[in-house]
Amino acid sequence: MNEFYQRDIISIKDFGKDQLEKIFTATDKIMQLNPSDRREICKGNTLAYLFYEPSTRTRLSFDSAMASVGGNSLGISDINSSSTQKGESLADTVRIMSIYSDILVLRHTLDGSSRFAAEVSDKPVINAGSGTEEHPTQAIQDLFTIKKEKKKIDGLKIGIIGDLKYGRTVYSLLHGLGNYDVDIKLISPESLRIRSDSTYEIKKKLDFTESTKIEDHIDELDVLYVTRIQKERFPDEEEYLKVKGSYVVGLDLLKQMKEDSIILHPLPRIDEISTDIDQTKNAKYFEQAEYGKYTRAALLGLTLNENGF
């Protein structure tokens, strides 16, 4: 039985370790299939995307993923050119989009938007980012990247640095890592520490320490996960300017890291990772983006095929 069939993907918290590992196995299979066989997986299916927030990587990753498994995509990437400008509600837009498709991918500015969409849609809904809340497919992509590049997740020391307050990828990743035996270091300016309302739940599954200084931990990390300071989520630009450029990962910092450590980033980056890092063996953020296409293709295949693939 395929437990993912017609399932909404709203929160990484809805997935246990066994389920994550099944997704990773399906992703490996996707990567190993020849293109013609891969295109049979979702042949005849349509993905609809509905993005109320700007996105390049996530939207195109889903678009590319769906094409790679034989399906097609349609949707709204610029909400300003849609009927929402006429006052159409999210509920009505979701209902209409689900009529035109077999699966719906939603990114929205409001927390809880994807769960609401799943309640009104009669087709599966995938959360592609809801407010400051979660980004589950990014977390699956991140976990898969760590496993592929480090050959394991259990036993690793992982540092997460940057905007931990507003970065929804951070919350999904931490909840996902809660399924594994890992040592987590959270590094951020004081004003961008992880939100206290979220730490209560995370601490039930995961031990972590918090710090403002990357130098305190850099030499022990197996994985450094870098996030940008998200200017668009600050209510006050002055507050953003105070923390802008707080951390920059450059060659000087890389020299202090383990030789086999890896550097990840959900992208887009601004100036938090120097381009000098790009050509080093430690930089894995572009591979991470490629893995995102395959993990999303696997999720689409599992969600749209009753017997799996």
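## Close-up views of annotated sites and a pocket

View 1. Arg 168 is found in helix α7, where helices (H or I, at least four residues) and strands (E, at least two) are DSSP runs numbered from the N terminus. The model is predicted, so local features need pLDDT of at least 70 and side-chain atom pairs count only at pLDDT 80 or more, whereas totals for chains, interfaces and linings use all residues. Residues are numbered from 1 along each chain as its sequence is written, and side-chain values use heavy atoms, with hydrogens and water left out. Arg 168 is buried, with a relative accessible area of 7%; buried means under 20% relative accessible area, exposed over 50%, and partly exposed in between (1.4 Å probe, protein chains only). In an unreviewed entry, UniProt places the feature "binding site" at Lys 86, Arg 168 and Arg 228; UniProt positions are in the numbering used here, with feature names shortened, and annotations may be inferred rather than shown by experiment.

View 2. His 135 is found in the loop between β4 and α6 and is buried, with a relative accessible area of 3%. Not counting residues up to four places away in sequence, His 135 touches several residues, among them Thr 58, Arg 107, Arg 168 and Arg 296, contact meaning heavy atoms within 4.5 Å. Gln 138 lies in helix α6 (residues 136–150) and is likewise buried, at a relative accessible area of 4%. Apart from neighbours within four places in sequence, Gln 138 is in contact with Thr 169, Tyr 225, Pro 266, Gln 288 and Arg 296.

**View 3. The Leu 267–Pro 268 peptide bond.** The peptide bond from Leu 267 to Pro 268 is cis, with omega near 5°. Leu 267 lies in the loop between β9 (262–264) and α11 (285–304), and Pro 268 has its place in the loop between β9 and α11. Although Leu 267 is not a glycine, it has a positive phi of about 65°. Leu 267 is buried, with a relative accessible area of 18%, and touches Arg 57, Tyr 285 and Phe 286 when residues up to four places away in sequence are not counted.

**View 4. The second largest pocket.** About 270 Å³ of space lies in the second largest pocket; on a 1 Å grid over the protein atoms alone, a pocket is an open set of points where a 1.4 Å probe fits, with protein on both sides within 12 Å along at least five of seven lines, and lining residues have an atom within 4 Å of a point. Grid points are joined across faces, edges and corners, and the volume is the space filled by probe spheres set on the points. Of the 17 residues that line the second largest pocket, Lys 13, Glu 133, Glu 134, His 175 and Glu 201 are the closest to its centre. Helix α8 gives the most to this lining, with 3 residues. The lining draws at least three residues from each of domain 1 (12–135 + 292–304) and domain 2 (137–289), the bounds coming from an automatic or database domain assignment.
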